[in-house]
Amino acid sequence: MTRLAVLISGTGTNLQAIIDASASGQLDAEVALVISSRPDAAGLQRAAAAGIQTVSLSRAVYIEPWAADQLIAEQVSAAGCDYIALAGYMRKIGPELVEAFPQRVINLHPALLPAFKGAQAIAEAYAYGVKVTGVTVHFVDAQYDTGPIIAQRAIAVPEGQGLEQLTERIHAVEHQLYPEVLQLLSQGRVEVIGKNVHIH
């Protein structure tokens, strides 16, 4: 069975969606390790409740980002994980970690890349007045939010809908799409050719 390391920074709702999909049999993979960039992240409690091994990194560790990435790589390797899934992880992944796990680091982004990169994607798309936004799952590369796109799902933005409502709708789609993509990966159905991702 595919083993996943999930990296978080906050509440861990996408982590919970992955755990639930695994428990229900919709996802043929198990979360073997959860690493948090914050010791007080609520997502650590979700992992503990599911009996999953956790590692929390302090702010001091990130003074040297390469050292944090090296520590993460060591923990992921020790846990025998096949993929690293970023789920609300608010630290930039460095090239050393990407090179250690080529095409095995996955990110979930709350916009239709390449539009609205970065941490404030939902608010920026809303402020821009887009009529359609969505969710992207992509491989992580050396740049920020530029890796090969595995899957996207669009969401219409109705006239008069508030930012809070849109945010809730995007999160609901994230909770569906991320486990679906992880299942494709666990089945070996994802092939990367250059910047293009093919699903078999």
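**Pocket and rings in a predicted model**

Student: Which residues lie nearest the centre of the largest pocket?
Tutor: This is a predicted model, where local features need pLDDT of at least 70 and side-chain atom pairs count only at pLDDT 80 or more, while totals for chains, interfaces and linings use all residues. Residues are numbered from 1 along each chain as its sequence is written, and side-chain values use heavy atoms, with hydrogens and water left out. A pocket is an open set of points on a 1 Å grid over the protein atoms alone, where a 1.4 Å probe fits, with protein on both sides within 12 Å along at least five of seven lines; lining residues have an atom within 4 Å of a point. The largest pocket is lined by 35 residues, and those nearest its centre are Gly88, Tyr89, Met90, Leu108 and Pro110.

Student: What kind of pair do the rings of Phe116 and Tyr128 form?
Tutor: The structure holds one aromatic pair. Rings of Phe, Tyr and Trp (its six-membered ring) pair if their centres lie within 6.5 Å; planes under 30 degrees apart count as stacked, over 60 as edge-to-face and the rest as tilted. With centres 5.8 Å apart and planes at 70 degrees, the rings of Phe116 and Tyr128 are therefore edge-to-face.

Student: Is Tyr128 buried or exposed?
Tutor: Buried means under 20% relative accessible area, exposed over 50% and partly exposed in between (1.4 Å probe, protein chains only). Phe116, at 21%, counts as partly exposed. Tyr128 has 67% relative accessibility, so Tyr128 counts as exposed.
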